[in-house]
Amino acid sequence: MSEVVEVSGELGNFTVKVKHNPRYIDMDKCIACGLCAQKCPRKVDDEFNQGLNQRKSAYIKYAQSIPLKYVIDGETCIYLTRGKCKACEKFCPTSAINFDDTAEIATLNVGAVILSPGFKPFDPKGFDFYGYGTIPDVVTSMEYERLLSSSGPCMGHLTRPSDSKEPRRIAWIQCVGSRNTNRCANGYCSSVCCMYAIKEALVTAEHTSGEGLEQTIFFMDIRSHGKDFDRFYEGAKAKGVRFVRARPHSIEPGAGNSGVVMRYTTEDGRTLVEEFDLAVLSIGLEPPADAQQLADMFKLNLDHYRFAQTSDLAPGCTNQPGVYVAGAFQAPKVIQRSVTEASTAAGEAATALIQSRGELTRRKTYPVERSVAGDETRIGVFVCSCGINIAGVINVDELTRYARSLPHVVLAENNLFSCSADTQELMAKKISEHRLNRVVIAACTPRTHEPLFQDTLRETGLNPYLVEMANIRNQNAWVHQREPEKATEKAKDQVRMAVAKTALSVPLASGRVNVVPKALVIGGGVAGMAAAMSLADQSFQTVLLEKSDRLGGNAWKVNATDQGEAIRPYLESLIQKVEQHPNIKVLKNAQLKTAVGSVGSFVSEIQVNGEPRAVTYGVAVIATGGRESRPAEYLYGEDPRVVTHLEFDALLRDQP
Ligand SMILES: Cc1cc2nc3c(=O)[nH]c(=O)nc-3n(C[C@H](O)[C@H](O)[C@H](O)COP(=O)(O)OP(=O)(O)OC[C@H]3O[C@@H](n4cnc5c(N)ncnc54)[C@H](O)[C@@H]3O)c2cc1C
Ligand code: SF4
Ligand code: SF4
């Protein structure tokens with residue numbers, strides 16, 4: 001709802017004007033009861049679900065929106081466009097509707113800016129030979145993701161658009177809007193679609209009855225680079241996913257306008273015609289529609305596809321000091337790389353702003369913790385449906401009833417998404433109303449969600465360690481999909497155990513330990529040196545351990561990056577900066593021997609030139625790199641004309 005409209009200034013002192021578009025619902029008053037949406041008569045295409053279903057003009061984008069506050073779509077609302085209606089206003093119990101709301105311009109003063117506006121999915125309407133937009137059972141991969149989703153238009157039970165029947169024969173067409181300069185201008189590989197198509201083909205079985213399911217992927221070549229990706233591809237083949245090397249040249253509607261008829265030519269030149277229940281176009285990723293506008297505002301260089309231009313040697317940085325980029329705005333990429341880059345950009349920004357670090361930090365305050373000593377044990381159990389993730393397998397109503405029968409349980413309730421913001425508010429309310437002093441959440445994994453529930457307890461004045469989680473999703477619903485009755489019985493056992501355990505829980509106090517504000521980086525290649533520089537620039541004393549007698553690692557053997565940037569000058573400059581940095585201690589001919597301790601306080605024995613030493617540190621970065629694989633085939637090692645890539649780079653360097 002907000003967009004940047006103007007930027008001025010420089011690293012350390014940018015003034016950014018942000019336009020907050022009107023919501024027409026007061027965020028402070030909205031309690032997310034949803035009555036406005038229920039009563040709103042205006043239905044429009046739901047863009048979050050790719051227009052596959054409809055939402056109201058008063059709506060929330062999706063169930064887990066943060067903050068969970070409704071909004072009125074000014075472009076479709078009957079009152080705002082035609083002056084009549086106001087049904088939402090009549091029914092809103094907190095008088096949150098405000099039709100006088102107007103756009104506001106906020107001025108932010110920031111030291112650095114990170115641009116992560118993502119990508120625009122390719123629109124295949126222009127590829128008329130695939131019939132997208134005219135043949136109902138041709139969908140994009142983005143639409144397919146929504147069809148599979150438990151919060152999507154068919155609640156996670158896959159049906160096809162033409163007749164709402166479960167499709168059995170499903171075909172994916174790869175590289176739609178990628179690697180194509182004939183029908184569009186996207187010459188690049190979108191890099192994620194091979195893997196997401198395989199993922200979609202595999203998870204389809206979980207969203208259908210599985211009967212007669214046949215998944216076919218039409219591809220030019222499968223790009224499964226990266227750790228374990230190829231194993232995933234091979235695993236898909238072993239599980240029966242059919243891979244056909246062909247680029248279908250046309251799709252026609254099936255009989256009665258349901259399903260599709262696909263025409264393609266095989267590698268041996270035969271033209272085949274095959275029928276499928278549903279065709280999925282694996283669309284590519286394009287730069288966001290407003291990429292040029294953003295670039296003009298921030299005076300950024302874009303590449304020739306209009307993605308943000310960055311250097312291979314300083315990923316995350318742009319041509320403008322203080323302006324960083326992360327994610328698919330830089331180039332199409334998977335979530336894992338987007339997140340890694342986000343850390344890089346945040347690290348660069350934090351380094352640039354080191355002088356003012358912590359100045360704006362505020363501590364969250366909590367109510368004084370109430371004592372539960374001597375109180376009757378009162379346990380509340382919250383059973384999560386997790387959309388259909390849990391409720392699609394486990395009988396959550398039966399489980400909730402069962403939880404109510406357990407000793408000390410005074411409240412048991414079922415929630416659609418226990419982790420959503422509105423459920424946290426509801427839980428806090430129930431804890432106070434029912435004077436709960438222990439809580440069990442039967443949901444997913446504590447690894448990701450326990451801190452959230454602990455925080456909710458703290459906000460009600462309860463000790464955070466009085467919450468217990470039963471993982472009925474990952475350890476139950478996800479692994480016993482085909483045995484719902486047994487899964488429900490197992491969930492009862494899990495909840496009973498969690499209730500018994502929490503009944504015995506006592507409040508715990510968080511201890512304080514001294515943190516050693518020092519880092520150990522193991523490996524002095526480009527990764528280790530870059531990590532050491534970032535830590536040292538952020539004022540942390542850093543020990544850089546390199547087993548050989550010089551820094552640089554494998555980068556010495558490589559001449560240039562993919563973009564043709566010379567590596568040697570970069571490497572020499574980086575080594576010089578590392579060796580001269582006052583916060584970095586470089587130890588060469590050094591090896592790690594032992595490591596004991598835990599986060600914040602480790603001690604290691606190391607050997608430097610054969611001499612033992614001890615080093616203490618709070619965190620470690622392991623960047624020991626990799627080794628070039630030396631094959632025992634293709635006459636390697638027997639004929640001097642057969643060399644590896646690194647050896648070839650050396651030849652180019654030494655005998656140009
Ligand atoms: C069909 C499909 C399936 C995929 N499946 C997978 C998968 O299984 N695994 C995987 O790892 N990756 C997958 N991906 C890739 C994944 O979607 C991307 O890696 C990821 O979304 C990139 O994150 P991002 O934050 O860079 O961009 P986005 O997810 O696009 O987020 C950008 C955000 O910025 C907002 N924004 C845009 N412009 C502005 C602006 N001017 N001002 C303010 N806000 C703005 C947008 O509204 C959006 O919320 C898939 C992609 C597609 C198309
Ligand atoms: S006034 Fe607008 S948002 Fe409110 S109910 Fe009518 S159409 Fe919906
Ligand atoms: S990742 Fe696969 S489907 Fe996507 S553009 Fe590259 S080769 Fe084509």
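1. An oxygen atom of ligand 1 lies 3.5 Å from an N or O atom in the side chain of Ser338. Lys199 also reaches ligand 1: an N or O atom of its side chain is 2.6 Å from a ligand oxygen atom. For Asp290, a side-chain N or O atom is 3.0 Å from a nitrogen atom of the ligand. A polar contact is a pair of N or O atoms within 3.5 Å; within protein, one must be able to donate a hydrogen and the other to accept it, and residues adjacent in sequence count only if both atoms are side-chain atoms.

2. This is a predicted model, in which local features need pLDDT of at least 70 and side-chain atom pairs count only at pLDDT 80 or more, while totals for chains, interfaces and linings use all residues; side-chain values use heavy atoms, with hydrogens and water left out. Residues are numbered from 1 along each chain as its sequence is written, and chains are lettered from A and ligands numbered from 1 in the order in which they are written.

3. How much of the accessible area of ligand 1 does the protein cover? Of the 990 Å² that ligand 1 has on its own, the protein covers 64%. These areas come from the Shrake-Rupley method with a 1.4 Å probe; for residues, only the protein chains shown count as cover.

4. There are 17 residues around ligand 1, and Lys199, Asp290, Ala328, Lys333 and Ile335 come nearest. A residue is near a molecule or strand if one of its heavy atoms lies within 4 Å of it. Helix H4 (141-148) gives the most to this shell, with 3 residues. Helices (H or I, at least four residues) and strands (E, at least two) are DSSP runs, numbered from the N terminus.

5. Strands E14, E15 and E16 form an open antiparallel sheet in that order. Two strands pair if DSSP finds at least two bridges between them. E14 (250-253) and E16 (271-276) are the edge strands, each with a single partner, so one side of each has no neighbour in the sheet. Strand E15 (residues 260-265) pairs with E16 over 6 bridges, and Val260 stands opposite Phe276 in E16.

6. The structure holds 0 disulfides; a disulfide is a pair of cysteine sulfur atoms within 2.5 Å. For Cys419, the nearest cysteine sulfur is that of Cys384, 6.2 Å away. Is Cys419 buried or partly exposed? Cys419 is partly exposed, with a relative accessible area of 30%, whereas Cys77 is buried at 7%. Buried means under 20% relative accessible area, exposed over 50%, partly exposed in between (1.4 Å probe, protein chains only).
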